[in-house]
Amino acid sequence: MTRVFLVRHGQTDWNREGRLQGSTDIPLNATGRAQARAAASSLWPALEGEPVVVSSVLGRAVETARILVGDRPASLHQDARLGERRYGPWEGLDAHERASRFPDDHAAWKAGYEPDFDGYETHAEVAARTVAAVDEWVARVPGDLVLVAHGSSGRMLLLAMLGLPLEGRTLGSLHNAAWSRLVPSAAGGWSLESHNVGAPAVEVAS
């Protein structure tokens with residue numbers, strides 16, 4: 001039976017500053033690396049056999065995955081479909097900057113709905129590509145599958161796998177370096193067995 005563990009990458013400087021990263025390739029900071037090491041201590045006891053680990057191709061996810069695996073017996077892969085949502089002109093902006101430059105779109109986003117401008121990747125688009133990736137990996141992996149992704153793409157993936165609405169805030173976001181576990185449900189589909197596990201309160205001076 002394949003179980004899916006979804007891990008969000010560790011903290012970056014833009015996370016700390018409240019800036020949207022999206023497709024911008026921002027590296028982990030010292031705190032993010034410490035979070036990934038702490039997350040490994042809670043994740044690995046929950047895994048069975050020789051897990052397969054698949055990360056987004058963005059550096060913050062790749063480094064988190066490498067820290068999680070360390071010298072443990074797990075194969076490590078990358079899949080671009082697990083990458084973060086593209087935010088277009090919002091990338092690099094904090095909430096105040098988004099609210100002042102895009103007031104209507106920011107209000108819609110805060111309410112759990114979607115902005116309307118070029119370069120933004122919709123909920124449906126993010127869900128479609130992440131679910132396609134998971135479907136392929138689940139078909140290939142008989143045991144535990146660990147996915148290292150991002151806050152928004154990870155939340156869309158969870159919602160889609162659980163059959164929940166993509167709009168609104170029906171499921172809280174993953175914290176940096178926290179993980180969620182999905183298992184096949186008896187009625188078909190997936191069941192969320194654990195959410196936001198092992199979100200470590202770690203702060204390291206850069």
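Hi everyone, let's start inside the protein: L43, W44, L47, V53, L68, V69 and V146 line the largest cavity. On a 1 Å grid over the protein atoms alone, a cavity is a set of points where a 1.4 Å probe fits but cannot get out, and lining residues have an atom within 4 Å of a point. What we have here is a predicted model, where local features need pLDDT of at least 70 and side-chain atom pairs count only at pLDDT 80 or more, while totals for chains, interfaces and linings use all residues. Residues are numbered from 1 along each chain as its sequence is written, and side-chain values use heavy atoms, with hydrogens and water left out.

How much space lies in that largest cavity? About 30 Å³. For a volume, grid points are joined across faces, edges and corners, and we take the space filled by probe spheres set on the points. Counting cavities of 30 Å³ or more gives 1. The lining of the largest cavity has 7 nonpolar residues, no polar ones and no charged ones. In these classes, Ala, Val, Leu, Ile, Met, Phe, Trp, Tyr, Cys and Pro are nonpolar, Asp, Glu, Lys and Arg are charged, and the others, Gly among them, are polar.

Next, the largest pocket. A pocket is an open set of points with protein on both sides within 12 Å along at least five of seven lines. The largest pocket holds about 540 Å³ of space. Its lining counts 24 residues, and R8, L20, Y87, W109 and S173 lie nearest the centre. By class, that lining has 6 nonpolar, 10 polar and 8 charged residues. Helix 1 (13–17), helix 4, helix 5 and helix 7 (151–162) each supply at least two of the lining residues. Helices (H or I, at least four residues) and strands (E, at least two) are DSSP runs, numbered from the N terminus.

The structure holds 9 aromatic pairs, where rings of Phe, Tyr and Trp (its six-membered ring) pair if their centres lie within 6.5 Å; planes under 30 degrees apart count as stacked, over 60 as edge-to-face and the rest as tilted. Why do we call the pair of Y87 and W109 edge-to-face? The ring centres of Y87 and W109 are 5.8 Å apart and their planes stand at 85 degrees, so the pair falls in that class. This pair links distant parts of the chain, 22 residues apart: Y87 is in the loop between strand 3 (75–78) and helix 4 (95–101), and W109 is in helix 5 (residues 103–110). Y87 is buried at 3% relative accessible area, and W109 is buried at 9%; buried means under 20%, exposed over 50%, and partly exposed in between (1.4 Å probe, protein chains only).

F117 and Y120 also form an edge-to-face pair, with 6.0 Å centre to centre and 75 degrees between the planes. F117 is buried, with a relative accessible area of 16%, and Y120 is buried at 9%. Y87, W90, F102, W109, F117 and Y120 form one aromatic cluster.

Some rings have a charge over them, which needs NZ of Lys or CZ of Arg within 6 Å of the ring centre and within 35 degrees of the ring normal. The charged end of R98 sits over the ring of W90, 5.6 Å from its centre. For R140, the charged end sits over the ring of W137, at 4.1 Å from the centre.

Last topic: salt bridges. Side chains of opposite charge can pair when their charged atoms come close. Our rule asks for a side-chain nitrogen of Lys or Arg within 4 Å of a carboxyl oxygen of Asp or Glu, and the count comes to 11 salt bridges.

One of them joins E48 and R3, at 4.0 Å from N to O. E48 lies in the loop between helix 2 (30–43) and strand 2 (52–55) and R3 in the segment before strand 1 (4–8), so this pair ties together parts that are 45 residues apart in sequence. Are these two residues buried or exposed? E48 is exposed at 54% relative accessibility, whereas R3 is buried at 11%.

R3 also meets D144 in a salt bridge, at 2.8 Å from N to O. D144 sits in the loop between helix 6 (123–140) and strand 4 (145–149), 141 residues from R3. D144 is buried, with a relative accessible area of 5%. Salt bridges that share partners join R3, E48 and D144 into one network.
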